[in-house]
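Please read it with the coordinates open.

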Amino acid sequence: MTRVHNFSAGPAVLPESVLQQAADEMLDWHGSGMGVMEMSHRGPQFTAIAAEAESLLRELLQAPAHYKLLFMQGGALAENAIVPMNMLRGKTSADYIDTGQWSQKSVQEARRYGQVNVAASSASTGYTTIPPRETWQLDPGAAYVHICSNETIGGVEYPATPDVGDVPLVADMSSSILSQPLDVSKYGLIYGGAQKNIGPAGLTLVIVREDLLGQALPCTPTAFNYRVVADNGSMYNTPPTYAIYVAGLVFKWIKAQGGLAAMAAHNAAKALLLYGALDASGCYTAPVSPECRSRMNVTFRLHDERLDAAFLQGAEARGLVQLKGHRSVGGMRASIYNAMPLAGVQALVDWLHEFERANG
Ligand code: PMP
């Protein structure tokens with residue numbers, strides 16, 4: 001078996017020990033005579049698997065008791081609709097911060113359900129910064145303030161949670177959740193697809209303050225009404241059972257590594273190594289402003305774009321795959337989520353140096 005270093009933005013690399021355990025338990029989970037995929041979601045085995053996953057997640061995040069942890073489906077793009085449906089709560093408008101392509105998608109979708117005020121945008125810097133908090137034109141009557149904590153395509157990340165006062169803060173954390181300790185109490189709601197730091201695609205995580213539930217728009221599909229999902233322990237309809245099981249194994253893996261503080265140190269070391277190499281070179285540029293560079297998605301360009309194909313081809317030959325930037329922006333992107341080992345980043349840095357020596 002040969003495993004590559006997979007820099008995909010998502011679905012993304014998972015811890016090898018998790019994949020191994022899932023493989024070992026594929027045909028017979030803990031002597032049940034069944035694989036997890038074959039279990040009733042209401043049976044005792046799967047109920048125990050889901051309960052353990054939820055409790056590990058609560059422990060990792062140290063989420064307060066008045067926050068509900070929901071396992072949903074539909075991905076972050078579905079949440080772009082589900083959030084306004086549930087969170088407008090009788091108000092007419094919400095504030096959104098535009099930091100790139102994913103927050104723009106959130107804005108476009110929310111406009112179908114209410115008024116959207118783009119309270120700040122980093123368009124003028126080509127989305128290489130986070131707009132300074134003091135420039136945000138927030139509306140104190142807004143239902144919520146929406147941010148994308150980490151723009152997966154642009155590689156821009158909030159260095160800290162912004163203070164938005166009493167208006168609930170809502171964050172799309174698809175590509176940064178569980179990468180570092182998080183003060184859940186600063187948020188009204190956090191959501192994200194699982195397929196980067198958590199597990200297989202198909203599972204969507206929602207963490208929501210309980211007092212915000214119960215005022216969904218009448219048009220909200222019942223399966224997407226947070227109150228209903230919460231009251232039914234994320235089992236109003238059949239949840240993505242296998243994805244929840246693998247996510248539970250990932251949560252256990254994170255805990256065994258030392259929890260979110262250990263993840264933060266691991267991710268900071270990888271980001272430092274890679275950005276350091278890019279900044280020191282005469283062959284590559286990392287366009288994002290240093291204070292808001294993503295620790296998860298490192299975007300960079302070759303000075304000479306004509307060398308892009310040769311760079312990618314040489315990388316692939318060395319087992320470094322999925323480094324091509326998003327099709328909308330070009331360039332390169334190395335996604336270095338929790339499960340990417342330091343050795344993977346070191347191998348990429350070695351290739352950056354080798355390629356520069358040959359072409360510099
Ligand atoms: N938001 C962010 C920040 C993302 O990275 C992605 C996926 N790359 C999405 C939203 C869309 O997620 P999904 O495809 O799971 O709906």
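Predicted model: local features only at pLDDT ≥ 70, side-chain atom pairs only at ≥ 80, totals over all residues.

The numbered points below cover the sheet, the helices and some backbone details.

1. Sheet order. Seven strands form an open sheet with mixed pairing. The order is E2-E10-E9-E8-E5-E3-E4. E2 (67-72) and E4 are the edge strands, and each pairs on one side only. From one strand to the next, the twist averages 20°.

2. One pairing in detail. E5 runs parallel to E8 (residues 169-172), and four bridges join the pair.

3. Buried side of H4. Which residues of helix H4 (residues 101-110) are buried? They are Ser103, Ser106, Val107 and Ala110. These residues cover an arc of only 100° around the axis, so they sit on the same side of H4. Their cover includes H3, E3, E4 and E5. Strands E6 (150-151) and E9 (189-193) also belong to that cover.

4. Helix crossing. The axes of H6 (residues 241-257) and H7 (residues 259-280) come within 7 Å. They cross at roughly 80°, which means H6 is roughly perpendicular to H7. On the H6 side, the contact is made by Trp253, Ile254, Lys255 and Gln257. H7 brings Gly259, Leu260, Ala262 and Met263. By class, the contact has five nonpolar, two polar and one charged residues.

5. Cis peptide. Check the bond from Gly10 to Pro11: this peptide is cis, with omega near -10°. Pro11 lies in the loop between strand E1 (5-6) and helix H1 (16-24).

6. Positive phi at Arg89. Arg89 is not a glycine, yet its phi is positive, near 50°. The residue is in the loop between helix H3 (75-87) and strand E3 (93-98). Is Arg89 buried or exposed? Its relative accessibility is 14%, so Arg89 counts as buried.

7. Positive phi at Tyr127. Tyr127 is also no glycine and has a positive phi of about 60°. Its loop lies between strand E4 (115-121) and strand E5 (145-148). Relative accessibility is 22% here, so Tyr127 counts as partly exposed.

Terms used
Residues numbered from 1 in each chain as written. Heavy atoms only, no water. Axes fitted to C-alpha atoms, helices over the stretch in contact; angles between N-to-C directions. Helix = DSSP H or I, 4+ residues; strand = E, 2+ residues; numbered from the N terminus. Parallel < 35°, antiparallel > 145°, perpendicular 65-115°, else oblique. Contact = heavy atoms within 4.5 Å. Nonpolar A, V, L, I, M, F, W, Y, C, P; charged D, E, K, R; others polar. Buried < 20%, exposed > 50% of the residue type's maximum accessible area, 1.4 Å probe, protein only. Arc of directions from axis to C-beta. Pairing = 2+ DSSP bridges.
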